[in-house]
Amino acid sequence: MLKDREEVLKAVSKPASLGPDLEIKDYIREAKAFYSCPVSSLPKEITDQSLKVGIRTDEKDRIGTYFQIDHSVVFQGFQKAFEGKIELMSTTEAIKKYDWLKDYWWNLIPANMDKYTALSELNWDHGYFIRVLENQKIMFPLQACLFISTNGLNQNVHNVVIMEPNSEAQIITGCTVHPNVQRGLHVGITEFYLKKGAKLTFTMIHNWAQNFDARPRTAVLVEDDATFVNNYICLKPVKSLQTYPVAYCKGSNSKARFNSIIFGVGNSNIDLGAKIVLQGPRSKGEVITHAIASDSSQIYSRGLLIGEHSDSKAHLECRGLLVSDRAFIHAIPELIGKVSGTELSHEAAVGKIAEEQIRYLMARGFSEAEARSLIVRGFMDVTIFGLPDALRDEVKRIVDGTAKGVL
Amino acid sequence: MSSLSVENLSVEVNGKRILDEVNLAIPKGEVHVLFGPNASGKTSLLMTILGFPNYKVVSGEIWFNGVSITNMSTDERVRLGIGVAFQNPPAIRGVKLADILHNFLKSEPEAKKKEIELCETLNFTKDFLSRDLNLCFSGGEVKRSELLQILAQKPSFVMLDEPDSGVDIENLGVIGKVINDFLKERSGLLITHLGYILRYVKADKAHVLIEGKVACSGKPIKILDQILKEGYGWCEKCLKIEKKC
């Protein structure tokens, strides 16, 4: 994979193929340094914001934590009992420690893909490295918070997650801003490697600000008998968000699933996709997106399934709910079958809340406003994520809390 | 006093008359049956009593326990004590049966225990409450789910729209027993096509609706026998005689 600096430099002005083009010079690079400290000692306004994206600074029910504010790593650590089972540190530290990590670095995502990947390579601001060692099954989540506290800042993180053979884990990543931050740009590169028999449930919650831009770039390699589940939630305003993660189901019996719940608020421009490439025998994929557009928000909901193996199967489901006449949802499901025998399907539906559903709930004693709210909250049902009970209830509380504020 | 009465009720949907000068009075504690061919206005009458906005009342009045409810919203009517079991309820993704039950039982002590008891009454496991409302329910599950909601609501007057249609004999037994127990000391209006449910439920009076009008009223079993023998042509004749008069 290309790491040639000249090629990267050529890409610094290359717009992404999707989403509004951003002027990188509009964002600042200077941020004050934050010193390492226990996460429990972080100021209240930071812990409160973090909790809204699933990051517990009391570390209750969490095995380990990575916490980055602006360009500073403030905390990285995990419970002693997991020494020799997991590794968790910044990628800057990991790349110094492990020479072999360069084989995973920009291996799934080309550094010259667009101006954002180039920016991340040229102005790299840490990111997390998580590795779960062979046969280790970690039943409680690891958590990572990427926090922005400086208004107008550009933060570029590069994360690498390696799941060694037969390992299992859950990771929660929360990306959010200080209440005083109105604008900024977050670029997040994440490369996932799931080796034979590994299982990872990755849940990401975004909570930005009305004038904030985000350009995550994600790719996943899924080997034999491995399963990757990606859950994504974005319910708060954002100026623009464009991301199109891709999973390569390379191994036999490999599985990938992308579940997303997004709520467009204000003038948010959200361009969210998920792509699964079925390369291995008996590989399977599923993409489920529930998008709600309110106010004047614009949502592009994309999905692409590519069948490259004759014994592969995938399904794509995109549901869009318009709760405002000024909002807009464009569902773009795409299927590409490259060999006979691959089985790809999709269903997409975009519309308003059905009057029939409102009337039914009113016949159960709900007022019209309560009925609408119940239907919209139902649209954000987190059971589609297939999370373990405790984590599901926690995520549900976050979604319900956010929904209460926006409905 | 009547539990529910309908006086000279005429209703239009999209400018088309679907109910014409309907009069009906259901005294407290009585259960009435509504017969009629397809598209005669039976379900429309139920929807109008519920106050669904696309059913426009052009004349007449609806009274519930002595109070005019003609201009009330659906939820206000429901809160007064009107319940309904729909024939074909819509599926609502993400909204759980539990959400409806919580709403009805929220002020009750030991609501959770009550929920489980109600599920057992209708042969549901507790897991069923986590299912999306009416999504991929079987015919029998739809009918039992509607009844489950009614049992949680405990309305004083209940409308049941074809609770016996599309239900196998085993489910019919469960549904019939639950409806019969529930209707003791309550009032109700029951729509049935073939009258299977009347094997389980004792009804006091029947009305036949033809082309949006009440063609005749009388003893339920007698009217049902007549319909099963001669079809609704017999009732249409009655209407023609009435028109000539």
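The crossing of helices α3(B) and α5(B) is right-handed, meaning that the near helix is turned clockwise from the far one by less than a right angle, with anticlockwise giving a left-handed crossing. The model is a predicted one: local features need pLDDT of at least 70, side-chain atom pairs count only at pLDDT 80 or more, and totals for chains, interfaces and linings use all residues. Residues are numbered from 1 along each chain as its sequence is written, while chains are lettered from A and ligands numbered from 1 in the order in which they are written.

The axes of α3 (residues 97-105) and α5 (residues 139-153) of chain B come within 8 Å and cross at roughly 20°. Axes are lines fitted to C-alpha atoms, for helices over the stretch in contact, and angles run from 0 to 180 degrees between N-to-C directions. Helices (H or I, at least four residues) and strands (E, at least two) are DSSP runs, numbered from the N terminus. The angle makes α3(B) roughly parallel to α5(B). Angles under 35 degrees count as roughly parallel, over 145 as roughly antiparallel, 65 to 115 as roughly perpendicular and the rest as oblique. On α3(B), the contact uses B:Leu97, B:Ile100, B:Leu101, B:Phe104 and B:Leu105. On α5(B), it uses B:Ser145, B:Gln149, B:Ala152 and B:Gln153. Contact requires C-beta atoms, placed from the backbone, to lie within 7 Å. Six of these residues are nonpolar, three are polar and none is charged. Ala, Val, Leu, Ile, Met, Phe, Trp, Tyr, Cys and Pro count as nonpolar, Asp, Glu, Lys and Arg as charged, and the others, Gly among them, as polar.

Helix α5(B) has 15 residues, of which 13 are buried, so it is largely enclosed by the rest of the structure. A residue is buried if 20 or more other C-beta atoms lie within 10 Å of its own, exposed if 12 or fewer, and partly exposed in between.

Just after α5(B), B:Lys154 has a positive phi of about 55°. B:Asn134, in the loop between β8 (132-133) and α5 of chain B, has a positive phi of about 65°. B:Asn134 is buried, with 21 C-beta neighbours inside 10 Å. In chain A, the phi of A:Asn253 is near 60°. A:Asn253 lies in the loop between β13 (246-249) and β14 (255-264). With 19 C-beta neighbours inside 10 Å, A:Asn253 is partly exposed. Most residues other than glycine have a negative phi.

The contact between the chains takes 16 residues from chain A and 18 residues from chain B. On the chain A side, α5 (355-362) and α6 (368-379) each supply at least two residues. Helix α5(A) gives the most, with five. The chain A side has eight nonpolar, four polar and four charged residues.

Helices α5(A) and α6(A) also pack on each other, at about 120° with their axes 9 Å apart. They are therefore oblique, and their crossing is right-handed. The contact joins A:Gln357, A:Ile358, A:Leu361 and A:Met362 of α5(A) to A:Glu368, A:Ala371, A:Arg372, A:Leu374 and A:Ile375 of α6(A). By class, six are nonpolar, one is polar and two are charged.

Methods
Two residues are in contact if their C-beta atoms, placed from the backbone, lie within 7 Å.
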